[in-house]
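These are my notebook entries on one structure. I set down what I looked up, entry by entry.

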Amino acid sequence: MSGWRVVADPDLCQGHQMCRLDAPEVFGFDKAADTVVVRRDAPDDELLTSVRTAVANCPAMALSLLETERET
Ligand code: SF4
C-alpha cells in the first residue's frame, strides 16, 4: 500500500507563503528563518488535493509530494 510524503527544500523557498493558503494543515512558516515548515510530512489522504495544489502553486518549486510505501 502506498502513502505520501511531503518534502520542502528550504534553500529554494522564497517565503511567499502561498502554500499556507492552499494547505494550512500541512504547511507552516518559520518567520526567523523566512522559510516554509512542513507540519505534517505524511498527510492524510483527504489533504492530498490541497497539498497537490500547494506543490503546483509554489513559485519557487520548493515543494514535492513523494509516493512511499506504508505499512498496512
Ligand atoms: S509557496 Fe513555496 S516559496 Fe512560498 S513559502 Fe511555500 S514553499 Fe516557500
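**Entry on A23.** I looked up A23 and found it in the loop between α1 and β2. Helices (H or I, at least four residues) and strands (E, at least two) are DSSP runs, numbered from the N terminus. A23 is buried, because its relative accessible area is 0%. For these words I noted the cut-offs: buried means under 20% relative accessible area, exposed over 50%, and partly exposed in between, with a 1.4 Å probe and protein chains only. I then took the C-alpha atoms of A23 and R5, which are 18 residues apart along the chain and separated by 14 Å.

**Entry on the model.** The model is predicted, so I noted that local features need pLDDT of at least 70, that side-chain atom pairs count only at pLDDT 80 or more, and that totals for chains, interfaces and linings use all residues. Residues are numbered from 1 along each chain as its sequence is written, and side-chain values use heavy atoms, with hydrogens and water left out.

**Entry on the ligand.** Which residues are around the ligand? I listed C13, Q14, G15, H16, Q17, M18, C19, V36, C58, A60 and L63; a residue counts as near if one of its heavy atoms lies within 4 Å of the molecule. By class, this shell holds seven nonpolar residues, four polar ones and no charged ones. Ala, Val, Leu, Ile, Met, Phe, Trp, Tyr, Cys and Pro count as nonpolar, Asp, Glu, Lys and Arg as charged, and the others, Gly among them, as polar. The ligand takes up the space of the largest cavity. A cavity is a set of points, on a 1 Å grid over the protein atoms alone, where a 1.4 Å probe fits but cannot get out.

H16, one of the residues around the ligand, lies in the loop between β1 and α1 (18–22). H16 counts as partly exposed because its relative accessibility is 42%. Its C-alpha atom is separated by 20 Å from that of D41, 25 residues apart along the chain. P59 lies in the loop between α2 and β4 and, at 48% relative accessibility, counts as partly exposed. Between P59 and M18 I noted 41 residues in sequence and 8.6 Å in space, C-alpha to C-alpha.

**Entry on positive phi.** I looked for residues other than glycine with a positive phi. D34 has a phi near 60° and is found in the loop between β2 (27–30) and β3 (35–38). D34 counts as partly exposed because its relative accessibility is 43%. M61 has a phi near 50° and lies in the loop between α2 (48–57) and β4 (63–69). M61 is exposed, with a relative accessible area of 68%.

**Entry on S2.** S2 lies in strand β1 (residues 2–8) and is partly exposed at 29% relative accessibility. From S2 to M61 I noted 59 residues in sequence and 24 Å in space, C-alpha to C-alpha.

**Entry on rings.** How many aromatic pairs does a search of the whole structure find? The search finds zero, where rings of Phe, Tyr and Trp (its six-membered ring) pair if their centres lie within 6.5 Å. I did find R52 over the face of W4, at 5.0 Å from the ring centre. A charge sits over a ring if NZ of Lys or CZ of Arg is within 6 Å of the ring centre and within 35 degrees of the ring normal.

Key:
Phe/Tyr/Trp six-rings, centres within 6.5 Å; stacked < 30°, edge-to-face > 60°. 1 Å grid on protein atoms, 1.4 Å probe; cavity = no way out; pocket = protein on both sides within 12 Å on 5 of 7 lines; lining within 4 Å. Sits in = over half its atoms within 2 Å of the grid points.
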